[in-house]
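Here are my notes on this model. Please read them with the coordinates open.

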Amino acid sequence: MKKNITINLCGRLFQIDEDAYDMLHQYTNSLRSHFKHMEGGEEIADDIESRIAELLDELKAQGNTAITIDHIRGIISQIGQPEQMDEAIGNNDESASTEGHKGAEYAQSILQEMTHRKFYRNPNDKMLAGVLSGLACSFGIDPTILRIATVLLTFFYGSGLIAYIILALVIPEARTPEQVLQMQNKPVTPQNLAGVVIENKQPQSYGLLHRIFSFLLKICMGFFLGIAILSGFALAICTVVIVVSFITIFTVPTASLNSLPFKLGELNLPELFAIHPWVVVLFVVGLLLILLIPIYAIAHMLLTKSGKTQPMGMVQRIVWIALWLASFCSFIPAMIYLQDVVQEHYTEEYNRTHTYQGIVMEERDIDYLKQGEWTVVKHENCHHYTWSGHYFTGDENIRFLDSYDWDCSHVYQMEHKQKVVPGVYKLVCNGRAEGRGCYIYAVGDNKHLAEIPPYGDEGGELIEHFRRTKSELDSLMEIGQEPKWKQELCDKIIAGKDGKGYGWSTITIDNIVVTQNDSIAYGVSNDATFTDHPCRSKWFSAVDFTLTRTGDLPKK
């Protein structure tokens with residue numbers, strides 16, 4: 001069953017089927033295109049159309065109620081090609097003017113230009129956009145060769161895929177029979193145009209290699225289509241969540257904003273909107289468009305696959321891509337700017353709330369120093385104040401005084417003052433150091449220094465002491481003279497760091513005499529101006545300071 005069309009040709013009505021109409025339309029258009037630059041070309045084309053109408057009248061008089069494509073093919077054969085008409089016109093009109101000959105030459109040049117090779121995407125043999133099939137038609141090669149080459153090039157940093165996308169955006173699709181002939185590098189003649197109309201109505205037949213490649217591509221397309229659907233679903237959920245978050249931010253300022261996704265609550269958008277409204281607008285609109293445009297593209301692709309809508313045109317694709325890029329280019333600078341503003345705000349707030357003795361430090365350092373009532377005497381080029389981990393028992397939760405700098409340029413001194421009565425005292429602590437020049441000190445009537453043994457982060461006097469006493473503890477445990485916890489502690493220290501230890505040693509300062517002062521200052525330092533020794537240690541640690549009274553002042 002074919003669809004019939006009623007046409008008006010030179011004031012006469014004819015019933016013609018759809019295929020015949022397409023062929024006749026292409027033929028008359030090619031005639032007018034051929035003669036339009038000649039002197040009197042319009043009249044020639046009108047005369048030819050009148051002749052076609054007469055021939056159609058004859059067919060109608062013969063009892064043909066509808067004109068078919070075979071009738072049109074016969075009429076085209078009877079009238080002939082435009083080039084043949086040029087010869088007839090030249091023989092019957094030898095007195096034509098020079099301008100007329102120039103017009104004919106110009107028309108011929110136009111016809112040659114029309115037959116010049118042009119590149120189009122092939123809509124009749126496409127797997128994705130018809131790019132490679134169109135190029136194969138232009139160069140007269142098998143499209144499967146180009147498809148395999150493109151797949152191979154895709155493995156080289158995606159160059160094949162990138163080139164394909166660019167060509168799909170740049171090269172137009174062959175929509176008319178003239179464009180199909182130009183794509184195939186064939187002359188635009190009435191006979192060729194008629195052939196294109198007929199070919200478009202015929203089912204396509206493909207070789208084995210094409211069918212195999214098409215099958216594999218369908219599998220890949222199904223896989224990527226599934227990914228696209230999941231991605232679109234995820235983007236849709238993200239968009240809904242972000243929209244709800246924006247509404248919450250601007251309408252419920254007292255809400256728990258820290259629970260919002262993507263740290264949106266930390267941006268303080270309502271406050272920033274009052275200061276930088278355009279930046280906030282660019283951020284919000286840009287973010288939503290970055291999410292919504294891919295969602296629209298995926299939805300449109302699915303509707304196109306299901307046949308419910310037409311594919312996007314090249315201009316529409318370029319507009320959407322340009323809009324997405326513009327959104328991205330506005331969102332990123334706005335986000336960076338807002339982050340800088342927020343970071344500056346949080347830095348000021350952090351510096352205000354995280355200070356100890358006027359020095360900005362982490363909260364865990366503040367807690368430790370406050371509990372021990374430590375005073376920061378000096379702290380230069382140091383990366384932290386305290387540290388945890390590598391305690392001599394292996395307990396990772398124990399914090400201790402610590403400093404490090406890989407260039408040994410740090411200056412670190414922590415001090416604690418303890419109220420005492422006159423007498424003789426002893427200071428005991430545990431420490432470790434990577435190199436020489438780190439000291440435990442105590443100041444009573446005089447300054448006392450004791451260097452931390454530089455064992456590094458392995459060994460140490462503590463582990464050696466417990467190794468020597470282990471057998472003694474074992475024997476005392478057997479007769480019940482030592483509690484079990486001492487043996488367990490000993491085993492734990494010896495097992496630390498797979499039996500290598502952490503470099504800890506016990507440092508003792510005896511005979512700290514106090515006669516007039518009411519306190520003793522003690523701590524750890526690598527300050528050469530205080531210890532009179534240069535520091536050659538990249539790091540050092542100290543902990544477990546204990547000050548005990550060992551005796552009264554000697555009697556005079």
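1. D498 sits in the loop between helix 17 (484-495) and strand 12 (505-514). Helices (H or I, at least four residues) and strands (E, at least two) are DSSP runs, numbered from the N terminus. D498 has a positive phi of about 55° although it is not a glycine. Most residues other than glycine have a negative phi. At 78% relative accessibility, D498 counts as exposed. The classes are: buried under 20% relative accessible area, exposed over 50%, partly exposed in between (1.4 Å probe, protein chains only).

2. Some ground rules. This is a predicted model, where local features need pLDDT of at least 70 and side-chain atom pairs count only at pLDDT 80 or more, while totals for chains, interfaces and linings use all residues. Residues are numbered from 1 along each chain as its sequence is written, and side-chain values use heavy atoms, with hydrogens and water left out.

3. C408 also deserves a check. Its phi is positive, about 60°, and C408 is not a glycine. The residue lies in the loop between strand 7 (399-404) and strand 8 (411-419). C408 is partly exposed, because its relative accessibility is 24%.

4. How many disulfides are there? The count is zero, a disulfide being a pair of cysteine sulfur atoms within 2.5 Å. C438 is in no disulfide, and its nearest cysteine sulfur, that of C535, is 4.1 Å away. For C382 the closest cysteine sulfur is also in C535, at 9.4 Å, so it is too far for a bond. C438 is buried at 0% relative accessibility. C382 is buried at 14%.

5. M361 is in the loop between strand 4 (359-360) and helix 15 (363-372). M361 counts as buried because its relative accessible area is 3%. Leaving out residues up to four places away in sequence, M361 touches Y350, H354, Y356, I366, L369, V376 and Y385; contact means heavy atoms within 4.5 Å.

6. Now a helix pair. The axes of helix 6 (residues 131-139) and helix 7 (residues 143-154) come within 8 Å and cross at roughly 130°. That makes helix 6 oblique to helix 7.

Key. Axes are lines fitted to C-alpha atoms, for helices over the stretch in contact, and angles run from 0 to 180 degrees between N-to-C directions. Angles under 35 degrees count as roughly parallel, over 145 as roughly antiparallel, 65 to 115 as roughly perpendicular and the rest as oblique.
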